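Hi,

Here is the model I promised to pass on.

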Amino acid sequence: MRHPEQVPTDYDLSPPAEVLARQLIQRWDMHSRQSTFGDMYYTVHEPLSVAHLFAHLRGEITLGTYLLNAQSQGRFLVLDADTLDEWQQLTHLYQRLEAMDTPGYLEQSRRGGHLWLFFDRWLPGAQIRLFGNGLLAAHEMTRIELYPKQDQLEEGPGSLIRLPFGIHRKDRKRYGFVTPTGELLAPTLRDQVKLFYRPQTVPKAVLATLTTVGQSLPSSNRFGGVTAAESRISHTDETTPLSEQIKAAVTVSAFIGRYVALSARGSGLCPFHDDHHPSFSVNDEGNYWHCFACNTGGSIIDFWMQKQGCDFVTAVRELVAQLL
Ligand SMILES: [Zn+2]
């Protein structure tokens, strides 16, 4: 890697192979490889070895990595964007997570990319998926695919994703980890790999909050399921975002009327500025509120965010608890 043309030695490859082994490989009793033309992965019922990792880093083979171990536990989840539009959604999500002190890792791929989130310990697949579904629902990203796709392994090793730092067999490209604007996080493979020596993990509070959001979702709103029945539901019925369910659960006048004295016509004193004439009004037909003096307004979620001084995800969680 010091000279890109030179074939790296096992000595060069030991640090990155160690990072793959420690952080990104979750089972060793079997492994999966991308087919020659990159169209699919096939299972190899042989143990994964360090030699395989070296071959992956050299680009001789391309490995997949399983999302769950044999006990149906994992230490990371991956959100998969298959189109540029979805990739943009993922970069926004990355930034919103960053604002909540929740670091993710954006990795480019052939058609879009992945957002990786790491946990500080092994978690059951079911909890990872509650958290992941809560995260997607809270940000209204119903199209993004969530890995792992299984709560619990039944037969076979379950879902997998391309192991980072190799090449894609289809276009022979080596994709890296990037900033939301697409610049590489570090210039060389070796430096990129260092970032994962100890990946930053999802804070406990965020994990708990979004798991609760996931638990509050009706099962048809849990995205990325794999059973045939589930995938039929999510492909034929538009799933309703959680935020829309909240807005549909109560009229703005009924909800805001708990906190603001409203006239029969739906106006009152604005709680968000020092109001002496009723500047604040609600509109049940349009399902919004507005204050023409401080020029704020929106849905009941916006009202709650402003009233509590909280972010969107917290507001959704608290309103789900109150209303759904
Ligand atoms: Zn106001």
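The part I'd start with: α4 and α6 are roughly perpendicular to each other (65 to 115 degrees counts as that). The axes of α4 (residues 125-138) and α6 (residues 204-216) cross at roughly 85 degrees and come within 7 Å. Axes here are lines fitted to C-alpha atoms, for helices over the stretch in contact, with angles from 0 to 180 degrees between N-to-C directions. Helices (H or I, at least four residues) and strands (E, at least two) are DSSP runs, numbered from the N terminus.

Before you go further, note that this is a predicted model: local features need pLDDT of at least 70, side-chain atom pairs count only at pLDDT 80 or more, and totals for chains, interfaces and linings use all residues. Residues are numbered from 1 along each chain as its sequence is written.

Back to the helix pair. On the α4 side the contact includes Leu130, Phe131 and Ala138, and α6 answers with residues including Leu207, Leu210 and Val213. Contact means C-beta atoms, placed from the backbone, within 7 Å. That contact splits into 8 nonpolar, 7 polar and no charged residues. For those classes, Ala, Val, Leu, Ile, Met, Phe, Trp, Tyr, Cys and Pro are nonpolar, Asp, Glu, Lys and Arg are charged, and the others, Gly among them, are polar.

Now the domains. The assignment, automatic or from a database, gives domain 1 (68-162 + 171-236) and domain 2 (242-323). Their C-alpha centres lie 32 Å apart. Domain 1 puts 11 residues into the contact and domain 2 puts in 8. On the domain 1 side, α4 and α6 are the elements giving two or more residues, and α6 has the largest share, with 5 residues. That side divides into 6 nonpolar, 4 polar and 1 charged.

Then the strands. β1 (residues 31-34) runs antiparallel to β2 (residues 41-44), joined by 4 bridges, and also pairs in the antiparallel sense with β3 (residues 63-66) over 2 bridges. Pairing needs at least two DSSP bridges. Arg33 stands opposite Tyr42 in β2 and has Leu63 as its bridge partner in β3. The β1-β2 hairpin has 6 residues between its strands, and Gly38 in the turn has a positive phi of about 75 degrees.

Last, α2 (residues 50-58): its buried residues are His52, Leu53, Phe54, His56 and Leu57. Buried means 20 or more other C-beta atoms within 10 Å of the residue's own, with C-beta atoms placed from the backbone. Their cover includes α1 (10-24), β1 and β3. Just after α2, Gly59 takes a positive phi of about 85 degrees.

Cheers

Methods
Parallel < 35°, antiparallel > 145°, perpendicular 65-115°, else oblique. Contact = placed C-beta atoms within 7 Å. Buried ≥ 20, exposed ≤ 12 C-beta atoms within 10 Å, placed from the backbone.
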